[in-house]
Amino acid sequence: MLEQLSQLEAEALTSLEDAEDEADLEEWHRSYLGRRGRLTLLLRSVGDLPKEERPAVGRRGNQVKRALEAAYEARRETVRRASLARLLAEGAVDVTLPGRPTGPGHLHITTQTLREIIAIFAEMGFQVYEAPDVETDEMNFGLLNMPPHHPARDMWDTFWISDTLLLRTHTSPGQIRVMRERYPEPIRVILPGKCYRYEQVTARSEHQFYQVEGLAVGHGITMTDLIGTLTQLARRLYGPERSIRIRGSYFPFTEPSIEADMDCILCGGEGCRVCKYSGWLEIAGAGMVHPVVLRNGGYDPDEWSGFAFGMGVERPAMLKYGIDDIRLFYGSDLRFLRQF
Ligand code: DAH
């Protein structure tokens, strides 16, 4: 039996040399190592040997098996290389062809919406001003008429970086920066950017989101200018038939403060699931810039007046496209992002 094994090994190794391609290799493997292969059958008969012969024959059998498997792998590699070399020589593989293209990317839905909003305000003469995401406590709250311990600070859940630094909770601190930079020029700017709040993330609220702040400062600016601007925004974003409703509200940095709603884009005011059966959708917080804030920006409130507003960016996009979960915006799921 030992002799038979050695003979089989020699024979197998010799015939392996003749395998020139994948098909030959497969055939060889089947005939020696396959389920009905010669070595397999031989090894299966070890059990019929007298007990004392079995260990030695078994050992030798496994040795032959491993040798044949190793030889098979090595031959396969040789055959593979040879066939690749042949293809290259024949010119069947053109290594000068360009690689598979990865499709071009496109703008994120938030960026698209932001650009749409920016374009609408640009038509009305508003410039874009960018303010930093990391702010001082003073800019985010203090200079906006919320000194330390002011209860209105509770309206914004805050990520603190240190005792005096934070991630801005709204784009409003940019108002102070623009005023200080532009004084004594009249101002008409929007401030788009990311805001952060220490909030539970749900389908309706994220801990990061975008806002667009608006600020106009000049001589004789009134509430009607504000209402006209917001009306124009709603009509350019959602269609010329939109109307606006104003409610009294409170913000520490505006006096008087308002909230602007527009008639529901889905039901037109009848009442539906989207507007929670009120017929109205909130679009912005706004108001006339508080005298204290004007002064903090360097503008004398006896000479100057202004309006300001703050609006979300994801919410309008959600309305427009019927998106019901804000978490999709920054979840990086391409199946969602590719749709816009
Ligand atoms: N900063 C406010 C917020 O994040 C929104 C806002 C309200 C901005 C009134 C304004 C404003 O400029 O006048 O909730």
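## Ligand shell

In this predicted model, strand E5 (208–218), strand E8 (280–289) and strand E9 (305–312) each contribute at least two residues to the shell around the ligand. The shell holds 16 residues, and the closest are His170, Ser172, Arg197, Gln211 and Glu213. By class, the shell comprises six nonpolar, eight polar and two charged residues.

## Polar contacts and burial of the ligand

An N or O atom in the side chain of Glu213 lies 2.6 Å from an oxygen atom of the ligand. In the side chain of Ser172, an N or O atom is 2.9 Å from a nitrogen atom of the ligand. A polar backbone atom of Phe309 is 3.4 Å from an oxygen atom of the ligand. The ligand taken alone exposes 350 Å², of which the protein buries 92%.

A search of the whole structure identifies one cavity of 30 Å³ or more. The largest cavity contains about 40 Å³ of space. Its lining consists of Thr113, Glu116, Leu237, Tyr238, Pro316, Ala317, Lys320 and Tyr321.

H10 supplies the largest share, four residues. The lining is made up of five nonpolar, one polar and two charged residues.

Notes:
Residues are numbered from 1 along each chain as its sequence is written. This is a predicted model: local features need pLDDT of at least 70, side-chain atom pairs count only at pLDDT 80 or more; totals for chains, interfaces and linings use all residues. Side-chain values use heavy atoms; hydrogens and water are left out. On a 1 Å grid over the protein atoms alone, a cavity is a set of points where a 1.4 Å probe fits but cannot get out, and a pocket is an open set with protein on both sides within 12 Å along at least five of seven lines; lining residues have an atom within 4 Å of a point. Grid points are joined across faces, edges and corners, and a volume is the space filled by probe spheres set on the points. Ala, Val, Leu, Ile, Met, Phe, Trp, Tyr, Cys and Pro count as nonpolar, Asp, Glu, Lys and Arg as charged, and the others, Gly among them, as polar. A residue is near a molecule or strand if one of its heavy atoms lies within 4 Å of it. A polar contact is a pair of N or O atoms within 3.5 Å; within protein, one must be able to donate a hydrogen and the other to accept it, and residues adjacent in sequence count only if both atoms are side-chain atoms. Accessible areas come from the Shrake-Rupley method with a 1.4 Å probe; for residues, only the protein chains shown count as cover.
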